[in-house]
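Welcome, and please open your viewer. We will go from stop to stop, selecting a few residues each time and looking at what is there.

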Amino acid sequence: MLFLAVFCGFLAEYLLEHTIEHQREKKYAASMIDDLVQDTIDLSGDINWWRLNLARADTILNELDKPETTRNALALYRCASYMRKYNGFEYHDRTIDQLKNAGFFRLFRKKIVADSLMEYDARVRRTLLRIEEGSDQIYYNLNFFQNRIIDAEYFATFTTYFDLDSLFVIHPEVFHIKEKEKGDAFEYANHLQYYKGNITLRIHTMEVLLSYARATINLIRREYHFR
C-alpha cells in the first residue's frame, strides 16, 4: 500500500508538471503569434514605404537626366526631400529572445513549430537586419552629395511641413539644383542608383519574410488549435 501511495504521488506530480508545461507551451505559442502579427504589420507598412521611395528615386534620376530648362524642379525637390527619411524594420523578438535565453524551445513538443520559429528568427537576423546595417553608409553618402547640390531649406521635418507648391511660386530658385558642381550631381546620381539596388533587395527580403511570418502564424494556430 505504501508503495502504491508513493507511486500515485509521483504520478500525480508528473501529471501536474506535464500540465503546467503544456500550459506554458500554449502561452508562449500565443505570445509568438502576437509578435509575428506585429512583424507582419510592420513589414507590410515598410514594403509600401520603400516601394514609394523607389519610385521617388526613379523620378529624381529621370529629372537629373533632363536638361535643366526642361526639368520638373518641384517634383525633383519633393522627391529628394524623402531621401532624408528612413524607415527601419522593428523586429518584435521579445518572446523569441525569452525562449532562446531561457532554453524554453524544448517546451515546444511540436518540432515543426520550434523549427519554423528558429528559421524565421535566423532569416530576420541574417538577411533583413544585415541589409539595414549595410545600407547605413549608402544612406549617409547619398545625403552627403544631395546636400551639396540641393538646398534643404524647405525639406519637411518631424516638426515643420511646407506647402511646396505655393513656395515654388514665391522662391523657385531654391528648388533648382546647384549646377556649379557637376561632379557632385554625377556622384549623387551614382549613389542614388546604388541606394536603389539596396532598396530593391530590401523589398524582396521583406516580402519573403512577410510570407514566412504569415505561414508560421497559420502553422502555430493550426498546431495549437487557436482561432
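How many Å should the 39 residues of helix α4 span at 1.5 Å a residue? Select residues 111-149 to see helix α4.

Before moving on, a word on what you are viewing. This is a predicted model, in which local features need pLDDT of at least 70 and side-chain atom pairs count only at pLDDT 80 or more, while totals for chains, interfaces and linings use all residues. Residues are numbered from 1 along each chain as its sequence is written, and side-chain values use heavy atoms, with hydrogens and water left out.

**Stop 1: the whole chain.** Colour by secondary structure and you will find six helices and zero strands, in the order α-α-α-α-α-α along the sequence. Helices (H or I, at least four residues) and strands (E, at least two) are DSSP runs, numbered from the N terminus. Of the 227 residues, 42% count as buried; buried means under 20% relative accessible area, exposed over 50%, and partly exposed in between, with a 1.4 Å probe and protein chains only.

**Stop 2: the kink.** Go back to α4 and centre on S135, where the helix has a kink of about 30 degrees. The bend at a residue is the angle between axes fitted to the seven residues ending there and the seven starting there.

**Stop 3: a residue along α4.** Now pick E132, which also lies in helix α4. Is E132 buried or exposed? It counts as buried, because its relative accessibility is 11%. Beyond its neighbours within four places in sequence, E132 contacts Y86, G88, F89 and R202, where contact means heavy atoms within 4.5 Å. F89 is 43 residues from E132 along the chain, yet their C-alpha atoms are separated by 8.3 Å.

**Stop 4: the core.** Select F108, Y120, F175, Y188, L192, Y195 and I220, the residues with the most contacts inside the largest nonpolar core, which has 62 residues. Such a core is a set of buried Ala, Val, Leu, Ile, Met, Phe, Trp, Tyr and Cys residues joined through side-chain atoms within 4.5 Å. Helices α1 (2-65), α2 (73-82), α3 (94-101), α4, α5 (164-170) and α6 (182-223) each supply at least two of its residues, and the largest share, 15 residues, comes from α6. Zoom in on L192: leaving out residues up to four places away in sequence, L192 touches A57, I60, L61, M83 and L142.

**Stop 5: the rings.** The whole structure holds 15 aromatic pairs. Rings of Phe, Tyr and Trp (its six-membered ring) pair if their centres lie within 6.5 Å; planes under 30 degrees apart count as stacked, over 60 as edge-to-face and the rest as tilted. Show Y139 and Y195, a tilted pair at 6.4 Å centre to centre with 45 degrees between the planes. This pair joins helix α4 to helix α6, 56 residues apart. Y139 is buried at 14% relative accessible area, and Y195 is buried at 0%.

**Stop 6: T40.** Finish in helix α1 with T40. What does T40 touch, not counting residues up to four places away in sequence? Its partners are L210, A213, R214 and I217. T40 counts as buried, at 11% relative accessibility.

Notes:
Expected span 1.5 Å × (residues − 1).
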